[in-house]
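Subject: Structure handover

Hi,

Here is the structure I promised you. Please open it next to this email and follow along.

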Amino acid sequence: LPEGIYITRVYQSSDAAAKGLTEGDIITAINGVSVTTMEGLNRVKNQFSAGDSVTLTIYRGGVSYDVEIVLMDRANA
């Protein structure tokens with residue numbers, strides 16, 4: 001498995017869920033920046049606001065692919 005952030009929960013009302021992300025997927029990059037820790041992920045994500053789009057690189061079942069998602073405010077999850 002690649003280094004990255006293991007997804008343990010996806011809010012059903014989120015754009016991530018709508019785009020097919022599921023528990024067990026691994027985020028390996030956000031906007032092309034490799035991430036291996038939540039700190040690294042948050043450092044990139046915090047440059048954006050709810051409503052902004054970011055591209056996640058996801059690893060699932062031996063395949064990596066990019067998916068663009070719209071960030072949401074956690075309070076609306």
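Below is what I found, from the overall fold down to single residues.

Please keep in mind that this is a predicted model.

Overall fold

The protein chain has two helices and five strands. Reading from the N terminus, their order is β-α-β-β-α-β-β. The C-alpha trace spans about 30 × 25 × 20 Å along its principal axes. For 77 residues, a compact globule would have a radius of gyration near 11 Å; this chain comes out at 12 Å, which agrees. Of the 77 residues, 32% count as buried. Now take the contacts between residues at least 6 apart in sequence: 47% of them join residues at least 24 apart.

S4 covers residues 53–60 and S5 covers residues 63–70. The two pair in the antiparallel sense, over eight bridges. They form a hairpin, with two residues between the strands. Look at Gly 61 in that turn: its phi is positive, about 55°. Further along, Val 54 has Ile 69 in S5 as its bridge partner. S4 also runs antiparallel to S2, and four bridges join these two. There, Ile 26 stands opposite Tyr 59 of S4.

Helix H2

H2 is the helix at residues 38–45. Which of its residues are buried? They are Gly 40, Leu 41 and Val 44. These residues cover an arc of only 100° around the axis, so they sit on the same side of H2. The general rule behind this is simple: an α-helix has 3.6 residues a turn, so residues three or four places apart point the same way. The face turned away from the buried side carries Glu 39 and Arg 43, both exposed. What do the buried residues pack against? Their partners are strands S1 (5–6), S2 (26–30) and S3 (33–34).

The nonpolar core

The largest nonpolar core holds 16 residues. Leu 21, Ile 27, Ile 30, Leu 56 and Ile 69 touch the most other members. S2, H2, S4 and S5 each supply at least two residues of this core. The largest share, three residues, comes from S4. Leaving aside neighbours within four places in sequence, Ile 69 is in contact with Asp 15, Ala 16, Lys 19, Asp 52, Ser 53, Val 54 and Leu 56. Two of those names have come up already: Val 54 is the bridge partner of Ile 69, and Leu 56 is listed with Ile 69 among the core residues that touch the most other members.

Asp 25

Now look at Asp 25. It lies in the loop between helix H1 (15–18) and S2. Is Asp 25 buried or exposed? Its relative accessibility is 1%, so Asp 25 counts as buried. What does its side chain meet there? A polar atom of the Asp 25 side chain lies 2.9 Å from the backbone nitrogen of Thr 22. The side chains of Asp 25 and Arg 60 are joined by a polar contact of 2.6 Å. Again leaving aside neighbours within four places in sequence, Asp 25 is in contact with Ile 5, Tyr 6, Ile 7, Gly 20, Ile 58, Tyr 59, Arg 60 and Tyr 65. Tyr 59 in that list is the residue opposite Ile 26.

Best wishes

How values were computed
Residues numbered from 1 in each chain as written. Predicted model: local features only at pLDDT ≥ 70, side-chain atom pairs only at ≥ 80, totals over all residues. Heavy atoms only, no water. Buried < 20%, exposed > 50% of the residue type's maximum accessible area, 1.4 Å probe, protein only. Arc of directions from axis to C-beta. Contact = heavy atoms within 4.5 Å. Core = buried A, V, L, I, M, F, W, Y, C linked by side-chain atoms within 4.5 Å. Polar contact = N/O pair within 3.5 Å; in protein donor to acceptor, adjacent residues only side chain to side chain. Pairing = 2+ DSSP bridges. Rg over C-alpha atoms; globule rule 2.2 N^0.38 Å.
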